[in-house]
Amino acid sequence: MLASFKHYVSVASCFAKLAVQRQLEYPLFLVSWLLMIPIQYFSGIWMLKIIVDRFQPLNGWDFPELTFLYGLGLISHGILVVFFINTWHIDNMVINGGFDRLLLRPMNVFFQLVASYVNFIGLIDCIPGIVIFLYGCHIVGFDWSLANIGKLLLVLLGGVLIRAALFIALGTIAFWTKRNASMVGFALSMLERATMYPLSMYPYILQAIFTFLIPIGFISFYPAAEFLGKSNGVLELPLSFALWTPTIGIVCFLLAHWVFRMGMKKYESAGS
Amino acid sequence: MEAVIEVIDLVKEYTIAKKGRGLRGSLKSLLFPQKTKVNGVDGISFSIAPGEIVGYIGPNGAGKSTTIKMLTGILHPTSGSIKVCGISPQADRKAVVGKLGVVFGQRTQLYWDLRLGESFELLRRIYQVDKATYEENMAVLGDVLKLNDFIDTPVRQLSLGQRMRGDLAAAMLHSPSVLFLDEPTIGLDADAKHAIRDFIKEMNRKMGLTVILTTHDLDDVEQLCSRLVVVNHGKVVEDGPIDSIIGKLTPHRLLVVELERPCDDLSHPAATIIKQEGLKVWYQFEKVRVTAAELISDLSQKLPIQDLSVKEPDIEDAIRAVYKGY
């Protein structure tokens, strides 16, 4: 057991090292991301400011609160982009045979899929997230108590797992469809819309979908609503979101992993 | 001797959807799909002893790669049993693949952007090869494959031959018992082909490595394999020592002669003229009746030959022609 754990850690660290080296091979690419990503997210927050200034607070959420919400969602997105970006390419690997190579190695396939690319360029995604979130904390007067920091970490963990589960489940569809029709773009825009704005401003049906069916409301909206002491819409949940978000994250992730295993079985029995 | 690979009644079934013509047909297939089951691999059995080099050959679509994928644990068979080193790859994939090396000629497992050596370090960790064994293996591999010339070059800058040598080393550095090679010489020039073949022979001789090879290249087969398993339409149509099979597969060759001026008597007792176009003449001859050298020397005595070439039959065409009835 311990030997096996050491084996996986040794391989994961080697994967990570090689991933950094591969990214350093293309410095100009790195610079272009360094320029583009912050522009993308800072313009996102600017849009929120314009909407709130020109019109009215969104469903009772003013600009500082929206900044807090947006920042929280962006950080979990940034962490996802660093550690789970390979889940965006499952369809590609299934279709071009990259999957066969994973099956030919004496290690867990899911581990190889996730660990084989740690995307350090993704840290650039985290920078605007952290800046916007800290600014949001500052203007809403967030209480940096130990309890709150602990809750925050649990919420981030859960948020990353929920996002990863969504991409894994969507990517796994390729095992059945055998088509390179990526759902990543669709999932990204859905995630952005559901984590950037307060969920309570959407119709009931969408709130219900984003709570029970595809629980992305737990990534940023429910935690932010509770941190800020706001109404979270129709749904009144017992217990703190600090328990709900990581629990739902783990459940979703396990479900996604199960779907992935089903997909692999399908692949093994059908071939490509 | 205990077999390294034991395959009994292997079957792999595919579902093929039959599609109607045009838009109407497409809609009809969407609503009422017509599916038929086809056996891509249809009851294959064979067993391979340690240290054999076996050519697994057959035309495209004969079920070659499907069989290889089942032997290596990538695909699961519909029925039948497989034992590799005594273990079923479907029951314990990780245990089996640890003993295998697999090279796909068309696809590399090396990291494109990085120097060749980096990929080896990753594989060393994946296969848990300790440092001392790794150094030892790399010394042997580096020597035979001359890796030192390019181990610090990024893989994307390697020639196809160098890349293939790198891929062979990558497949061998955990000292596997069985090496699967899928089209290892495809697209390579003559020198590179030689290097690859020498390496395979060397590893087989030195370490008793068992090799299973699929190829379109007749020279690969003739120079490497002691035994052939020929498949067509998902069935084994021939399994035996190469000498008894190769004659059947390559009953005749072609000699193309270009003359300096027209001649009257072109005939030769051991060859038939199958085509004549201006000054170019195509002779078909059987290897067992007359060698190319004899034929050329006979013809050059009576004909003013300007240019000539010997054409090898294509291995796939030969299999299709010989085993048409199966």
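**Exercise 1. Contacts along chain B**

Work out what share of the contacts in chain B between residues at least 6 apart in sequence join residues at least 24 apart.

*Solution.* Start with the pairs in contact, meaning that their C-beta atoms lie within 7 Å. Keep those in chain B whose residues are at least 6 apart in sequence; of these contacts, 72% join residues at least 24 apart. Keep in mind that this is a predicted model. For an overall view, chain B has eleven helices and 13 strands, and its C-alpha atoms fill a box of roughly 70 × 60 × 45 Å along the principal axes. Of the 326 residues in chain B, 37% are buried.

**Exercise 2. The setting of strand 7**

Find strand 7 of chain B, residues 210-214, and explain why it is described as largely enclosed by the rest of the structure.

*Solution.* 
- Step 1: recall the cut-off. A residue is buried if 20 or more other C-beta atoms lie within 10 Å of its own.
- Step 2: look at one face of the strand.
- Step 3: Five of the five residues of strand 7 of chain B are buried, so the strand is largely enclosed by the rest of the structure.

**Exercise 3. The partners of strand 7**

Which strands of chain B are joined to strand 7 by bridges, and do they run parallel or antiparallel to it?

*Solution.* Take strand 3 (residues 53-57) of chain B to begin with: three bridges join it to strand 7 of chain B, and the two run parallel. Now trace the chain from strand 6 to strand 7 of chain B: the path goes through helix 7 (residues 190-207), giving a right-handed β-α-β crossover.

**Exercise 4. An open sheet**

In what order do the four strands of the open sheet with antiparallel pairing in chain B lie?

*Solution.* The order is 11-12-10-13. At the edges are strand 11 (271-277) and strand 13 (305-311) of chain B, each pairing on one side only. Neighbouring strands of this sheet are turned by 20° against each other on average, direction ignored. Look inside the sheet as well: seven bridges join strand 10 (residues 252-259) to strand 12 (residues 280-286) of chain B, and B:Val256 stands opposite B:Trp282.

**Exercise 5. Where the chains touch**

Which helix of chain A gives the largest share of the side that touches chain B?

*Solution.* Count the contacts to start: 19 residues of chain A are in contact with 24 residues of chain B. The elements giving two or more residues to the chain A side are helix 1 (2-24), helix 5 (98-103) and helix 13 (241-270) of chain A. Helix 1 of chain A gives the largest share, seven residues. By class, the chain A side has seven nonpolar, six polar and six charged residues.

Technical notes
Residues numbered from 1 in each chain as written. Chains lettered and ligands numbered in written order. Predicted model: local features only at pLDDT ≥ 70, side-chain atom pairs only at ≥ 80, totals over all residues. Buried ≥ 20, exposed ≤ 12 C-beta atoms within 10 Å, placed from the backbone. Pairing = 2+ DSSP bridges. Right-handed = clockwise from strand over helix to strand, strands pointing away. Axes fitted to C-alpha atoms, helices over the stretch in contact; angles between N-to-C directions. Contact = placed C-beta atoms within 7 Å. Nonpolar A, V, L, I, M, F, W, Y, C, P; charged D, E, K, R; others polar.
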